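Let's take a walk through this one together, starting with its rings and ending with the overall picture. Have a look at the model first.

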Amino acid sequence: VVGASSDHNIKGGLIAEFTNYGKNSVNVFAPGVKMYSTVPTTDNYSFLQGTSMAAPVVSGLAALIFSYFPNLSAVEVKSIIEQSVDTTYSNEEFTMPGEPSNNKITIGASCTAGGVVNAYKAVKLAAQKSEAKLRLIKN
C-alpha cells in the first residue's frame, strides 16, 4: 500500500494532508502532490494529487527494477523498494492527515518502511541482490 508524500517544505509537511497512513496499513510513501499528469477528459495536462498519483511512482519503480533485473521475484522487488526508502525525515514530526495541527506523527511511525521511495537506492540494492542471486545459481 502506498501513501502520498509531499514536499517537506509545504504546509503540513512531508506526509500529504489527505493520504492514508499507518504502520500496519501503508508500506511506503511516494510523491503524490502537484504531480503533472495527463487529463483524459480535456486531452491536456494538469497538476493532480492523491495516492492515485503516488501508486504509479512505485509501480514504475518496480517495473524499472524488473526490466533490468528479471531474475528477481516480485517478493524480492517489494522488499528492495521497502529497504531502500529515503529515511532523511523519518523522525521529523508532521501534522497527521485530516487532523488538527497539534496532532503529530512521524514518517517512521506512519508506514512499515519508514520513508519515501528512492529510485537510485532501489536500483543499487537490486543490482547487489541480483548479482548475489546469480552467483548462487552459478555455484
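Before counting anything, here is the rule for rings: two rings of Phe, Tyr or Trp (its six-membered ring) make a pair if their centres lie within 6.5 Å. By that rule the structure, which is a predicted model, holds 3 aromatic pairs. One of them joins Tyr36 and Tyr45, with 5.6 Å centre to centre and 20° between the planes, so this pair is stacked, given that planes under 30 degrees apart count as stacked. Another joins Tyr36 and Phe47, and this one is tilted: the centres are 5.0 Å apart and the planes make an angle of 50°. Tyr36 sits in strand β3 (residues 35-39) and Phe47 in strand β4, so the pair ties together parts that are 11 residues apart in sequence.

Is Tyr36 buried or exposed? Tyr36 is exposed, with a relative accessible area of 57%. Phe47 is exposed as well, because its relative accessible area is 51% and the cut-off for that label is over 50%. Strand β4, where you'll find Phe47, covers residues 44-48. If you skip residues up to four places away in sequence, Phe47 touches Lys34, Met35 and Tyr36. As for Phe18, Phe47 is 29 residues from it along the sequence and 16 Å from it in space, C-alpha to C-alpha.

Now for the inside. The largest nonpolar core has 22 residues, and Val28, Val58, Ile65, Leu72, Ile80, Ile81 and Val117 are the ones with the most contacts within it. Which elements give two or more residues to this core? They are β1 (2-5), β2 (28-31), α1 (51-68), α2 (74-83) and α3 (119-138). Helix α1 supplies the largest share, 5 residues. There is also a second, separate core, made of 9 residues and including Ile15, Phe29, Ile105 and Ile107.

Leaving aside neighbours within four places in sequence, Ile81 is in contact with Val28, Val58, Leu61, Ala62, Ile65 and Val117.

Time to zoom out. The chain has 3 helices and 6 strands, and read along the sequence they follow the pattern β-β-β-β-α-α-β-β-α. Among contacts with a separation of 6 or more, 60% come from residues 24 or more positions apart. Along its principal axes, the C-alpha trace spans about 55 × 40 × 25 Å.

Note on methods
Residues numbered from 1 in each chain as written. Predicted model: local features only at pLDDT ≥ 70, side-chain atom pairs only at ≥ 80, totals over all residues. Heavy atoms only, no water. Core = buried A, V, L, I, M, F, W, Y, C linked by side-chain atoms within 4.5 Å. Buried < 20%, exposed > 50% of the residue type's maximum accessible area, 1.4 Å probe, protein only. Helix = DSSP H or I, 4+ residues; strand = E, 2+ residues; numbered from the N terminus. Contact = heavy atoms within 4.5 Å. Phe/Tyr/Trp six-rings, centres within 6.5 Å; stacked < 30°, edge-to-face > 60°.
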